[in-house]
Amino acid sequence: MRLFQIIFYIIAFTIGGCFAFRQNVQFPYRIPKNIKLVQQAAPSSDSFDRVSDVPPRDDRYNNGIMLFKSNCATCHNRNMKDHLTGPALGGVKARWSDYPEEDLYRWIRNAPAMVDEGHPYGKKIWEDWNKVVMPPFHNLTDEEIADLLYYVEETNR
Ligand code: HEC
């Protein structure tokens with residue numbers, strides 16, 4: 001009779017154990033580690049395709065992303081906060097606010113010309129950045145630059 005009981009318990013625990021293992025539960029119950037990791041990884045994701053966390057997704061914003069990706073992202077960090085080959089662009093409008101807005105637009109269209117002409121701020125950042133020349137983007141229209149800057153400012157919130 002004893003032997004029968006022992007065998008019964010062994011079988012019961014084995015089956016129970018297998019079931020718990022398949023469900024990835026532990027006793028006492030804890031959230032499986034791999035699920036925690038996924039939850040932690042999501043918010044720090046630095047992808048352009050991130051859907052949450054970036055409220056305005058209108059046409060200007062989307063156009064700004066596209067232009068930034070194809071022209072600027074090689075040198076300017078897409079998080080707008082950390083430097084890369086070029087400076088972080090977050091807050092750029094404020095940094096140019098001592099000058100007419102056209103100066104910033106002109107810088108984006110033709111930075112080397114503004115350095116040559118000796119624009120005080122343009123020349124200063126060029127010197128601060130070891131005289132690395134930012135290439136000109138002659139083809140960008142005012143509207144496209146406005147979209148780019150809109151995207152920059154929205155990303156930097
Ligand atoms: C080849 C690298 C490179 C590319 C591509 C590039 N930049 Fe730059 N950018 C720089 C560097 C380097 C500076 C720092 C000034 C300098 O050295 O001329 C700069 C400076 C700037 C500044 C001034 C930043 C400040 O703090 O005032 C703005 C605005 C800017 N870039 C916008 C853009 C935009 C918009 C694009 C895309 C259309 C772009 N850049 C593409 C390298 C680049």
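## The ligand shell, a loop residue and a core

By class, 17 nonpolar, five polar and one charged residues make up the shell around the ligand. The model is predicted. Of the 23 residues around the ligand, five come nearest: Cys 72, Cys 75, Gly 86, Trp 129 and Met 134.

Now turn to a loop. Asn 110 sits between H5 and helix H6 (111-117). Is Asn 110 buried, exposed or partly exposed? Asn 110 has 18 C-beta neighbours inside 10 Å, so it counts as partly exposed. A residue needs 20 or more to be buried, and 12 or fewer to be exposed.

Setting aside residues up to four places away in sequence, Asn 110 touches Pro 136 and His 138. Pro 136 is 26 residues from Asn 110 along the chain, yet their C-alpha atoms are separated by 4.2 Å.

Next comes the core. In soluble globular proteins, nonpolar side chains tend to be buried together. Here the largest nonpolar core has 13 residues. Which of them touch the most other members? They are Leu 148, Tyr 151 and Val 152. H3, H5, H6 and helix H8 (142-155) each supply at least two residues of this core. H8 gives the largest share, five residues.

Beyond its neighbours within four places in sequence, Tyr 151 is in contact with Tyr 61, Gly 64, Ile 65 and Phe 68.

Terms used. Residues are numbered from 1 along each chain as its sequence is written. This is a predicted model: local features need pLDDT of at least 70, side-chain atom pairs count only at pLDDT 80 or more; totals for chains, interfaces and linings use all residues. A residue is near a molecule or strand if its C-beta atom, placed from the backbone, lies within 6 Å of it. Ala, Val, Leu, Ile, Met, Phe, Trp, Tyr, Cys and Pro count as nonpolar, Asp, Glu, Lys and Arg as charged, and the others, Gly among them, as polar. Helices (H or I, at least four residues) and strands (E, at least two) are DSSP runs, numbered from the N terminus. Two residues are in contact if their C-beta atoms, placed from the backbone, lie within 7 Å. A nonpolar core is a set of buried Ala, Val, Leu, Ile, Met, Phe, Trp, Tyr and Cys residues joined through C-beta atoms within 7 Å.
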